Amino acid sequence: MSATNLPLIGLAAEQKSQQVTDWAARIGWVVGLVLFVALLYWLMRQGWKWRGTLQGDLPELPQPPEHSGEPLLSATGRYHGSTSAGQWLDRIVAHGLGTRSRAELTLTEHGLDVVRPAAQDFFVPTEQLRGARLDTGIAGKVLTEGGLLVVTWEHGGRRLDSGFRFDHSADQAGWVEKINAMCGDNGVAAMQQHKEGA
């Protein structure tokens, strides 16, 4: 046997001696990981349901009147959620208020109409509006300074904050002025309370 054949024989022997992949162990790890992710998802879903149960005393959301009047302002954007007023991490999930979605907002003399194509619509009558402000975050969503329109309103004896981000965010400042003007003293009080709590 020539010397030139020896390296080839050694290489063939080396290839034969390579460790075989343990597919059973790999499949076991993948299945374990999938089960772990499924368990986390289930726990999150149970927590969401539990929070909804705790908020079961919140009455059904108001619906807009048949004749809501001429629009004072209108905008499109995203609804980022609602929380207990002044507590930006205490998410309200009852009646679909915890579901983020696209939104179409219309402000009339009768109140704020929020139409959400992928979630439950709601209406805030003027007498339940408590003010508006520009803020940085709500319900775990953080944006740049003044990037979020937060509307404070009262429903079922609770004061709530609802956060919106308009497609044209420059329009949000005008909404703050208009809503606070409609709220009168309530708007001033809500702004003052927020500044003291900040």
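Which residues form one aromatic cluster? In this predicted model, the answer is Y79, F122, W153 and F164. Residues are numbered from 1 along each chain as its sequence is written, and side-chain values use heavy atoms, with hydrogens and water left out. Because the model is predicted, local features need pLDDT of at least 70 and side-chain atom pairs count only at pLDDT 80 or more, whereas totals for chains, interfaces and linings use all residues.

A pair of aromatic rings is described by the distance of the centres and the angle of the planes. Rings of Phe, Tyr and Trp (for Trp, its six-membered ring) are taken to pair if their centres lie within 6.5 Å, and planes under 30 degrees apart count as stacked, over 60 as edge-to-face and the rest as tilted. A search of the whole structure on this basis finds 4 aromatic pairs. One of them joins Y79 and F164, whose ring centres are 5.5 Å apart and whose planes meet at 55°, so this pair is tilted. Distant parts of the chain are linked by the pair, since Y79 belongs to strand β1 (residues 73–84) and F164 to strand β10 (residues 158–166), 85 residues apart; strands (E, at least two residues) and helices (H or I, at least four) are DSSP runs, numbered from the N terminus.

Burial is judged by relative accessible area, where buried means under 20%, exposed over 50% and partly exposed in between (1.4 Å probe, protein chains only). Y79 is buried, with a relative accessible area of 0%, and F164 is buried too, with a value of 1%. F122 and W153 form another aromatic pair, which is stacked, with 5.6 Å from centre to centre and 10° between the planes. This pair also links distant parts of the chain, F122 lying in strand β5 (residues 122–125) and W153 in strand β9 (residues 148–155), 31 residues apart. Both F122 and W153 are buried.

An aromatic ring also takes part in a contact with a charge: the charged end of R26 sits over the ring of W23, 5.8 Å from its centre. A charge is said to sit over a ring if NZ of Lys or CZ of Arg is within 6 Å of the ring centre and within 35 degrees of the ring normal.

Side chains of opposite charge can pair when their charged atoms come close. With a salt bridge taken as a side-chain nitrogen of Lys or Arg within 4 Å of a carboxyl oxygen of Asp or Glu, a search of the whole structure finds 5 salt bridges. Among them is the bridge between R102 and D167, whose closest N and O atoms are 2.9 Å apart. R102 lies in strand β3 (residues 101–108) and D167 in the loop between β10 and α3 (172–183), so the pair ties together parts that are 65 residues apart in sequence. R102 is partly exposed at 37% relative accessible area, and D167 is partly exposed at 40%.

Strand β6 (residues 129–135) holds R130, which is linked to E154 in strand β9, 24 residues apart, through a salt bridge of 3.2 Å, N to O. R130 counts as buried at 12% relative accessibility, whereas E154 counts as partly exposed at 25%. R130 and E154 are also linked with R159 in a network of salt bridges. A further bridge joins D161 and R133, the closest N and O atoms being 3.2 Å apart, and it connects strand β10, which holds D161, with strand β6, which holds R133, 28 residues apart. D161 is buried at 3% relative accessibility, and R133 is buried at 9%.
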